[in-house]
Amino acid sequence: SRHAQPSATPPPPSESSAPRVGRTPRRARAMAGDGGELLKLKSSQGEIFEVEPEVASMSTLIKNMVDDSGTDEEIPLPNVKTAILSKVIDYCKYHKDNPPEEI
């Protein structure tokens, strides 16, 4: 009877984990906005940041690069170091929903 209980126990967790896995991509797609694709921004030091298009497009430089070459590949930013790119992305994420005031 001990063998019957452990073999009966594993199917319910796999059944309950399958719906969880199925829900996560839908949430990610809904959060990403434009079709669920994330832009890959590559710093001068080789670090790659995955960012929602609407966040990245707050930067005029990145928006122009996306318009020119699309979003299929990494977008190289050879003049932007990792630490600076990280701060720019944080700024854009924050101000996407909280537009900055005019100076």
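**Reading the sheet and its surroundings**

Analyst: Strand E1 (residues 39-42) has a covered face formed by Leu 39 and Leu 41 and an uncovered one formed by Lys 40 and Lys 42. Helices (H or I, at least four residues) and strands (E, at least two) are DSSP runs, numbered from the N terminus. This is a predicted model: local features need pLDDT of at least 70, side-chain atom pairs count only at pLDDT 80 or more, and totals for chains, interfaces and linings use all residues. Residues are numbered from 1 along each chain as its sequence is written, and side-chain values use heavy atoms, with hydrogens and water left out.

User: Why do the two faces of a strand carry alternate residues?

Analyst: In a regular strand, side chains alternate between the two faces of the sheet. In E1, Leu 39 and Leu 41 accordingly belong to the covered face, and Lys 40 and Lys 42 to the uncovered one.

User: Which strands pair with E1, and in what direction does each run, parallel or antiparallel?

Analyst: Strands of a sheet pair through backbone hydrogen bonds, either parallel or antiparallel. Here two strands count as paired if DSSP finds at least two bridges between them. E1 and strand E2 (residues 48-51) run antiparallel and are joined by 4 bridges; Lys 42 stands opposite Ile 48 in E2. Their hairpin has 5 residues between the strands, and within it Gly 46 takes a positive phi near 90°. E1 and strand E3 (residues 75-76) run parallel, with 2 bridges, and Ile 75 in E3 is the bridge partner of Leu 41.

User: What is the order of the strands in the sheet?

Analyst: The order is E2-E1-E3, in an open sheet of 3 strands with mixed pairing. E2 and E3 stand at the edges with a single partner strand each, so one side of each has no neighbour in the sheet.

User: Which helix lies across E1 and E2?

Analyst: Helix H5 (residues 82-97) lies across these two strands, running at about 10° to E2. Axes are lines fitted to C-alpha atoms, for helices over the stretch in contact, and angles run from 0 to 180 degrees between N-to-C directions.

User: Is Thr 82 buried or exposed, and what does Thr 82 touch?

Analyst: Buried means under 20% relative accessible area, exposed over 50%, and partly exposed in between (1.4 Å probe, protein chains only). Thr 82, in helix H5, has 18% relative accessibility and therefore counts as buried. Contact means heavy atoms within 4.5 Å; leaving out residues up to four places away in sequence, Thr 82 touches Ser 43, Gln 45, Glu 47 and Phe 49. The side chains of Thr 82 and Ser 43 are also joined by a polar contact of 2.8 Å. A polar contact is a pair of N or O atoms within 3.5 Å; within protein, one must be able to donate a hydrogen and the other to accept it, and residues adjacent in sequence count only if both atoms are side-chain atoms.

User: How many salt bridges does a search of the whole structure find?

Analyst: Side chains of opposite charge can pair when their charged atoms come close. The criterion is a side-chain nitrogen of Lys or Arg within 4 Å of a carboxyl oxygen of Asp or Glu. The search finds 6 salt bridges. In one of them, Glu 50 pairs with Lys 40, the closest N and O atoms being 3.8 Å apart; Glu 50 is in strand E2 and Lys 40 in strand E1, 10 residues apart. Glu 50 is partly exposed at 48% relative accessible area, and Lys 40 is partly exposed at 35%.

User: Where do Lys 42 and Glu 74 lie?

Analyst: Lys 42 lies in strand E1 and Glu 74 in the loop between helix H4 (60-69) and E3, so the pair ties together parts that are 32 residues apart in sequence. Their side chains meet in a salt bridge (3.9 Å, N to O). Lys 42 is partly exposed at 31%, as is Glu 74 at 38%.

User: Which residues do salt bridges with shared partners join into one network?

Analyst: The side chains of Lys 96 and Asp 97 meet in a salt bridge (3.9 Å, N to O). Salt bridges that share partners join Glu 52, Glu 54, Lys 96 and Asp 97 into one network.

User: Where is confidence lowest and where highest?

Analyst: pLDDT is the predictor's confidence in each residue, from 0 to 100. Confidence is lowest in helix H2 (residues 11-32), at a mean of 41, and highest in E2, at 96. The protein has a mean pLDDT of 75, and 65% of its residues reach 70 or more.
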